[in-house]
Amino acid sequence: MSIKLLKQGLNGHGTLKPMWRQPPLKDSYDVVIIGGGAHGLACAYYLAKHHNITDVAVLEKAYLGSGGSGRNTAIIRSNYLTPEGILFYDESVKLYEDMSEELDFNVMFSQRGHLTLAHTDASLRTMRWRAEVNQIQGVNSRVIYPDEIKKLVPFMDVSDHPRYPVQGALYHPPGGSSGTTRWSGATLTARTSGAFTCTKKPK
Ligand SMILES: Cc1cc2nc3c(=O)[nH]c(=O)nc-3n(C[C@H](O)[C@H](O)[C@H](O)COP(=O)(O)OP(=O)(O)OC[C@H]3O[C@@H](n4cnc5c(N)ncnc54)[C@H](O)[C@@H]3O)c2cc1C
């Protein structure tokens with residue numbers, strides 16, 4: 001934990017600047033984005049970053065991250081099945097790798113590795129299929145078996161006692177999780193000078 005974060009926690013986050021702004025709505029904007037989820041907020045950020053478009057309103061009917069963006073399992077990975085999906089998500093993983101530095105905000109991205117467990121022959125077959133497609137696209141992903149799983153996650157029961165024992169797993173070392181996906185989008189938006197409004201206070 002950084003000293004800065006500890007200090008902010010101890011003083012009740014009193015020195016933190018709000019990440020959102022609620023200026024009065026104008027009659028028109030160059031761009032209006034409906035929805036303050038990760039996609040809407042990221043669009044606002046990249047419009048400013050790559051196209052210098054900052055006259056932007058993000059309209060959110062509830063509070064930031066009130067949709068899927070604030071309710072997901074926060075797993076960041078690129079070991080999907082279709083070539084198009086893999087390439088798309090691999091770019092996303094790379095964005096997360098530099099995001100804390102780019103935003104000067106700790107999005108708590110931790111690439112601790114991701115395991116998708118297979119409990120049946122059929123799912124193990126799918127894992128092999130995914131691993132092949134991943135590797136062709138240059139993504140670090142391979143099938144591993146109970147011995148190696150046990151080394152990675154010692155507390156996991158890989159014995160044949162459970163009704164559906166773990167037969168193997170798709171192992172994706174660059175996969176991980178981000179503790180703050182809900183708010184990283186908000187930070188992205190705050191870094192733009194575009195307008196932002198939301199109709200309810202963030203909870
Ligand atoms: C249970 C669950 C687990 C998931 N796990 C993962 C995961 O581990 N990894 C991963 O990468 N993805 C995961 N996802 C998917 C991911 O969360 C979504 O793909 C992503 O959050 C979608 O972002 P979004 O901005 O498109 O939508 P949302 O985050 O849903 O944002 C849409 C916003 O639009 C607002 N809105 C809607 N209509 C209007 C309107 N008319 N006017 C104003 N505002 C409006 C809503 O209030 C909402 O805030 C998960 C999803 C769920 C539900």
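Trainee: Which order do the 3 strands of the open sheet stand in, and what is the sense of the pairing?

Mentor: The order is 3-8-4, and the pairing is antiparallel. Strand 3 (75-76) and strand 4 (109-110) are the edges: each has a single partner strand, so one side of each has no neighbour in the sheet. A word on the model: it's predicted, so local features need pLDDT of at least 70 and side-chain atom pairs count only at pLDDT 80 or more, while totals for chains, interfaces and linings use all residues. Residues are numbered from 1 along each chain, as its sequence is written.

Trainee: What makes strand 4 and strand 8 count as a pair?

Mentor: Strands are DSSP runs of E, at least two residues long, and helices are runs of H or I, at least four long, both numbered from the N terminus. Two strands pair if DSSP finds at least two bridges between them. Strand 4 and strand 8 (residues 176-178) have 2, in the antiparallel sense, so they pass. Ser110, for one, has Ser177 in strand 8 as its bridge partner.

Trainee: And what joins strand 7 to strand 5 and to strand 6?

Mentor: Strand 5 (residues 114-118) pairs antiparallel with strand 7 over 5 bridges, and Thr116 has Leu170 as its partner there. Strand 6 (residues 142-144) is joined to strand 7 by 3 bridges, again antiparallel, with Ile144 opposite Ala169.

Trainee: Why is Arg77 called buried?

Mentor: Buried takes 20 or more other C-beta atoms within 10 Å of the residue's own, exposed takes 12 or fewer, and partly exposed is in between, with C-beta atoms placed from the backbone. Arg77 has 21, so it's buried. It sits in the loop between strand 3 and helix 3 (83-103).

Trainee: What does Arg77 touch, leaving out residues up to four places away in sequence?

Mentor: Tyr89, Val93, His114, His172 and Gly175. A contact here is two C-beta atoms, placed from the backbone, within 7 Å. Arg77 and Ser177 are 100 residues apart in sequence, yet their C-alpha atoms are 8.3 Å apart.

Trainee: How do you know that the length of helix 2 agrees with its residue count?

Mentor: The expected span is 1.5 Å times one less than the number of residues. For the 14 residues of helix 2 that should be 20 Å, and the end C-alpha atoms are 19 Å apart, which agrees. Ala38, Gly40, Leu41, Ala44 and Tyr45 are its buried residues.

Trainee: What makes a set of residues a nonpolar core, and which residues are in the largest one?

Mentor: A core is a set of buried Ala, Val, Leu, Ile, Met, Phe, Trp, Tyr and Cys residues joined through C-beta atoms within 7 Å. The largest has 8: Ala118, Met127, Val143, Val158, Val166, Ala169, Leu170 and Tyr171. Strand 7 (residues 168-172) gives the most, with 3 residues. Apart from it lies another core of 7 residues, including Ile33, Leu41, Ala44 and Val58. In soluble globular proteins, nonpolar side chains tend to be buried together.

Trainee: How many residues of strand 7 are buried, and on which sides?

Mentor: 5 of its 5 residues are buried. Gly168, Leu170 and His172 cover one side, and Ala169 and Tyr171 the other.

Trainee: Last one: what surrounds the ligand?

Mentor: There are 20 residues, the closest being Gly35, Gly37, Gly67, Ser69 and Asn72. Helix 2 (38-51) and strand 2 (56-60) each give two or more residues, with helix 2 giving the most, 3. The shell divides into 6 nonpolar, 11 polar and 3 charged. Nonpolar means Ala, Val, Leu, Ile, Met, Phe, Trp, Tyr, Cys and Pro, charged means Asp, Glu, Lys and Arg, and the others, Gly among them, are polar.

Technical notes: A residue is near a molecule or strand if its C-beta atom, placed from the backbone, lies within 6 Å of it.
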